[in-house]
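Welcome, and please have a look at the structure below before reading on. The report is meant to go alongside it.

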Amino acid sequence: MHNSEAFRLNYWSIIDTLALYREKSYPSCYADQATYSSISFIDYFFYFNGTQHMRTSQLLLPTLKETPADAEITSHQLMLRAGMIRKVAAGLYNWLPLGLRVVQKVAAIVREEMNRAGAQEILMPAVQPAELWQASGRWQEYGPELLRLKDRHQREFCFGPTHEEVVTTLIANQLRSYRELPLNVYQIQTKFRDEIRPRFGVMRSREFIMKDAYSFDIDTAGLSRSYQIMKDAYFRIFDRLGLDVRAVSADSGAIGGSTSDEFHVLADSGEDSIAICDHCGTASNVELTTALPPLGKRRPATKEITEISTPGIDTISELCAALTIPASRTIKTLLVNGSGGIVALVLRGDHELNLTKAEKYPLVAKPLCFASADDVRLSANCSPGSIGPVNLAIPVIVDESAARLHDFICGANRDGFHLDGVNWGRDLPEPEIADLRKVVAGDPCPVCEEHEEILLKIRKGVEVGHIFQLGSKYSEQLDATVLDEQGISRTLQMGCYGIGITRVVAAAIEQHHDNRGVLWPASIAPFEVAIVPIGLQRSTAVAKAADALYLELSEAGFEVLLDDRQERPGAMFADMDLIGIPHRLVISDRGLKAGSIEYKARTSAESQDITLQDVLTTLQTMHKL
C-alpha cells in the first residue's frame, strides 16, 4: 500500500491539478460538499495507487434484461446480458470492461503458473509468412481454417492459428548446444481460426486469446519430463481458476505428435463427449476410447435367412418402428472412400461410427469421406438406406459388437427390402473385425476389463486446454538441432501446450451459473464485493457510509464495485446477481439506524445482517472459504 497519509496532505493540490478530471467524474449528485470531497479523495487515491475499483456510474456496463435471440448456450446468453461482450461479426467479439477484467485475471493465473513451471514469456507475430508453413507441410494440410492473405507485394501470409513453425524457426536459430536445454517458452496472444460455423459466442469464435507454450529437449526422456511438468502446471492452473477439470487422452489432430491430453471443463453444454470410469479414474475422449465387444461368445443361428418387404424405409429408426424391434438387433452398412476403392463399414444399428478410429484403418482413405450416392449405387446397386453386407462385392470391415450378432436384420442391397435372420459364417463370410464405434454409457471400462461390473459413464466437456508431445515433427522439417555432449547434431524433441484464455471464461460460466446469472469462482470474478446503497442520492448518511466502506474495503485489498446509479433496489440487485459478484453489501437508512448492513453471498439463498464493525472480518472469512 502506498503512503496514504502523504497522499492526504497533498490532496487539495492534486484536486487543483486534476480539476477537469474531478468535474468530469462527479456531477452534482451528492448531498453536500463534505461528501463530495470525500468521494473525490477516495477515487483520486485509488487512481494514483493503480488499484482496480469502480463505480457503476463510471463503468461501461450495458446489461440486458432479455436474452438475445441468437445466443444459443448459457455462457453466450449471460456474457451478452451481463455486458461482457458485444458481437462485431460472425465469430468476432468486442470485450467490454467487465469481460476484459475476467480475461485478464485468467491470463494472470496462467502467466504465474507458467513462470512457476520455468517457462519464459515471449511474444511472436500474429501474422506469419507462408514459407514457414510450406516448409512444415501444413500450408496444404491445415485446410480452410487457415486464414491466408497477401501483402502489397503479393507475398503470402497467414493469420496464425498456432505458432509451431514460428517458434521452431526461432529456437533453431538461437540454440547451439545441449547445455541450453531444456527450454520452454510461451506467449499469451490473439489467434485466428476461420471456423466454418462459428457459434456459441466466444466458445467457438474465429478470433480468440490463447496461451501457447513450446518445450525443447535433447531426447524423448527430456520431452516426457517437460510434458509432465506442464501437465502438473495445468492442474494447478485449473484448480486456481475454480474449475472442475478432467485430463483426457485425446487425438493429436492437425497439430500432430504421438501423445496428447485434453483438459475438459465438465459441463452439460460441452461439445465433446468424455468416457469416464469412476473405478480407475480413466478419462478419454470417446474418439479414442476402446470399445470392448459384448461379453461371451456369439450365439448360434436359430432362424433361416428371409427377405422382407420394407417400402419407403431408409433409416434404422424407421426400420425398428415398422418391425417393432430394438436397434441392437440390426446392423447398418456405411460406404466410404478407400485407398483402393469403396469400402463398407458395418456397425450395430444402435451404435455410431467413430470417424477418428475409422480414418486410422489402413483400407480407409484419409481424410475420411463418405461415398457419393452414385458410388453407392455402383457398389451396392441400391440407395444408401438399403445397403447390407450380404453378397457385397467390396471390402467389408465390421465393428466387433456387430460381429457378435446372430439372426440380425440388415439391408438386402435392393431398394424397399431388408434381410432377416442373417448370420455370420453361414450367410456371409466371417468378417474382418475392427474397433469402429464410439463408446456409449454402460460399455465396460477398457482398463478395468477384468471387472465385468465396471462400466463407463459419458460426460460432456468443454475443451479448455490441450498438450502434445510433438517429438521431432516440426524440428526435423525445420532443421532445429543442437550438438550433444559428443558434438553430434541432434534433432530437438518438442512439446506444445495450449490454453484457450477467452474460452476458459465461457467454460467457467457454463460450469458456474444459476437462473439469476453468473456464479464466478472468486479467483476470476470481475469484482469481489458489490456495495449497493439504497437511496444514495437522497440520504447523506447512506452516501457517507457507502464511501467509507468503499475506502475501507479497497484499502484492505478487495476489488469493490460501488453501485451509485439512480436505479430501483430490485434492478441493482438483479444486475449484481447477473454479473456474478461473489459478495454483496446493502446499505440503507434503516440498517444504519440499527448499526448494521445486509450481507449476502452470491451462492447463498439467504442474506444476513452484520454490524458495520464486522464487515471486513466477515468478508475476509468468506473470501477464504
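Here is a short tour of the chain, one of its sheets and its cysteines.

## About the model

This is a predicted model, in which local features need pLDDT of at least 70 and side-chain atom pairs count only at pLDDT 80 or more, while totals for chains, interfaces and linings use all residues. Residues are numbered from 1 along each chain as its sequence is written, and side-chain values use heavy atoms, leaving out hydrogens and water.

## The chain overall

The chain holds 20 helices and 31 strands; these are DSSP runs numbered from the N terminus, helices being H or I of at least four residues and strands E of at least two. Of its 625 residues, 52% are buried, meaning under 20% relative accessible area, with exposed over 50% and partly exposed in between (1.4 Å probe, protein chains only).

Strand 30 (residues 596–601) runs antiparallel to strand 31, joined by four bridges. I597 has I610 in strand 31 as its bridge partner.

## Cysteines

Taking a disulfide as a pair of cysteine sulfur atoms within 2.5 Å, the count is zero. C158 is buried, at a relative accessible area of 0%, whereas C369 is partly exposed, at 38%.

Technical notes. Pairing = 2+ DSSP bridges.
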